[in-house]
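Here is a friendly walk through some helices, their packing and a few individual residues. Please keep the viewer open as you read along.

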Amino acid sequence: EKGGYPDFMLKEIHEQPRVVRDTLVGRMIGGELDIDELGLTYEELNLIDRVYVIACGTSYHAGLIAKNLIEMWARIPCEVEAASEFRYRNPIITPSTLVVAVSQSGETADTLAAIRDARIKGAKVFGITNVVGSPVARESDGVIYTKANKEIAVASTKSFIGQVVSLTLLSLLLAQVKGKLTTGQVRMLFRELGDTAEQIQWIFDTQAEAVHEAALACKDAHSALFVGRGMGAAIAHEGALKLKEISYLHAEAYAAGEMKHGPIALIDPGFPVIAVTTKSPTYDKTVSNLKECEARGAKIIVVATEGDEDIKQIADHVIYIPPVRDAFCPITATVPLQLLAREVAIMRDCDVDQPRNLAKSVTVE
Ligand code: F6R
């Protein structure tokens, strides 16, 4: 059943190139982006003036990435909120509000309650889920399926990648409908999005040893900080969650620019700081934040862009990903952090597929 892999988590991590491809199949028809199951006309989509992404855990992190894309491409204000918070306040919802509910299992209690509440208040709701016919799919106005297939390991990996790819498609569609991207630009971005499948495979083929060395550097730590900016900050949140949930090593994520407002006090010699320093508009800023950590003795592990040799001046360990547009960086840069979390967990004798105290689907509040 594990297909020759030692655990389901590794098997599912390795399925991610396929998940990217399958999630994109049939989405570009005659040169036009096609998400016909959304159940809204282009006229209705064009009226949307506010987006909420609601989700929990890893799915919430996919939402952080969607916020960046929707605001960058479609220029629609977008908030991301934990479903457990959204459902108990009084969010501003009008008929032109779109709520995007993201849930692998499609049955998370808080996410479902938030969907029901949003619909009562008049919002349109899109579900993004991995389970056909699940409550999230049934109770939404439209649904995108993530094509990850059944995920068995409790820690979500391939379904996260499916969610990010699906949310990227939705962001492209909104941008096109709003006239912020031309169909030519959408086609070009769609092609590049598809290239991430091979880029993930490249990471498996070339970076295993680098991940292993980085894991050795973290395994005896009591705590670790994950940092980045922009997309890198969103990826840092997912990296920290993966590490803490399966290795029981305390990890926290911070926007790199926030370090000097408190967390840098934690840094003492040997403290692991794991950073996303891929090429992006804020690369230099993140590097200077890392220099401040290095000066205090931190052990620096980075996910960087292949060809970036300069980063070795401050990093103790470098894991490379292929050059990629910042918008698509989460799809590849998350993968080394999944692998890192798994290796650390194994080194600490943890059950990577069945971490203590956690359940695969959370159907009670
Ligand atoms: C972490 C993880 C959880 C889930 C969360 C939401 O690896 O799997 O944080 O992401 O419980 O679950 P879904 O997406 O099924 O609503």
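This is a predicted model: local features need pLDDT of at least 70, side-chain atom pairs count only at pLDDT 80 or more; totals for chains, interfaces and linings use all residues.

## Helix H13, end to end

H13 covers residues 329-347, and 17 of its 19 residues are buried, so the helix is mostly covered.

## Two partners of H13

Two packed helices are described by the angle between their axes and the distance between the axes. Helix H10 (residues 208-218) packs on H13 at an angle of about 50 degrees, and the two axes are 9 Å apart. An angle like this makes H10 oblique to H13. The crossing of the pair is right-handed. H10 brings Val211, His212, Ala214, Ala215, Leu216 and Cys218 to the contact, while H13 brings Pro336, Leu339, Leu340, Glu343, Val344 and Met347. Sorted by class, the residues in the contact of H10 with H13 are 10 nonpolar, 1 polar and 1 charged.

How do the axes of helix H8 and H13 cross? The axis of H8 (residues 158-177) comes within 10 Å of the H13 axis, and the crossing angle is roughly 165 degrees. H8 and H13 are therefore roughly antiparallel to each other. H8, too, passes H13 in a right-handed crossing. Phe160, Ile161, Val164 and Val165 of H8 meet Pro330, Ile331, Thr334 and Gln338 of H13. By class, the contact of H8 with H13 holds 6 nonpolar and 2 polar residues, with no charged ones.

Helix H6 (residues 109-120) can be checked for length in the same manner. Its 12 residues, at 1.5 Å a residue, should span 16 Å, and the end C-alpha atoms lie 17 Å apart, which agrees. Is H6 enclosed by the rest of the structure or open? Of the 12 residues of H6, 9 are buried, so the helix is largely enclosed by the rest of the structure. The buried residues are Ala109, Asp110, Thr111, Leu112, Ala113, Ala114, Ile115, Asp117 and Ala118.

The cover over these residues includes strand E3 (50-55), helix H5 (83-86), strand E5 (97-103), strand E6 (124-129) and helix H7 (135-139). After H6 comes Gly122, with a positive phi near 100 degrees.

Thr111 sits in helix H6. Its relative accessible area is 1%, so Thr111 counts as buried. Which residues does Thr111 contact, leaving aside neighbours within four places in sequence? They are Ile54, Ala55, Cys56, Ala83, Ala101, Val102 and Ser103. Thr111 and Ala217 are 106 residues apart in sequence, and their C-alpha atoms are 37 Å apart in space.

Gln199 belongs to helix H9 (residues 183-206). With a relative accessible area of 14%, Gln199 is buried, because the cut-off is under 20%. Not counting residues up to four places away in sequence, Gln199 touches Pro322, Pro323, Val324 and Thr332.

## Loop residues to look at

Arg75 lies in the loop between helix H4 (57-74) and strand E4 (78-82). Although Arg75 is not a glycine, its phi is positive, about 60 degrees. At 59% relative accessibility, Arg75 counts as exposed. Asn149 is another residue that has a positive phi without being a glycine, here about 65 degrees. The loop between strand E7 (142-145) and H8 holds Asn149, and a relative accessibility of 48% makes Asn149 partly exposed.

Asp268 is found in the loop between strand E9 (250-255) and strand E10 (272-277). With a relative accessible area of 41%, Asp268 is partly exposed. Asp268 and Ala295 are 27 residues apart in sequence, while their C-alpha atoms are 9.7 Å apart in space. Setting aside neighbours within four places in sequence, Asp268 is in contact with Arg296, Gly297 and Ala298.

Methods. Residues are numbered from 1 along each chain as its sequence is written. Side-chain values use heavy atoms; hydrogens and water are left out. Axes are lines fitted to C-alpha atoms, for helices over the stretch in contact, and angles run from 0 to 180 degrees between N-to-C directions. Helices (H or I, at least four residues) and strands (E, at least two) are DSSP runs, numbered from the N terminus. Angles under 35 degrees count as roughly parallel, over 145 as roughly antiparallel, 65 to 115 as roughly perpendicular and the rest as oblique. A crossing is left-handed if the near helix is turned anticlockwise from the far one by less than a right angle, and right-handed if clockwise. Contact means heavy atoms within 4.5 Å. Ala, Val, Leu, Ile, Met, Phe, Trp, Tyr, Cys and Pro count as nonpolar, Asp, Glu, Lys and Arg as charged, and the others, Gly among them, as polar. The expected span of a helix is 1.5 Å times one less than its number of residues. Buried means under 20% relative accessible area, exposed over 50%, partly exposed in between (1.4 Å probe, protein chains only).
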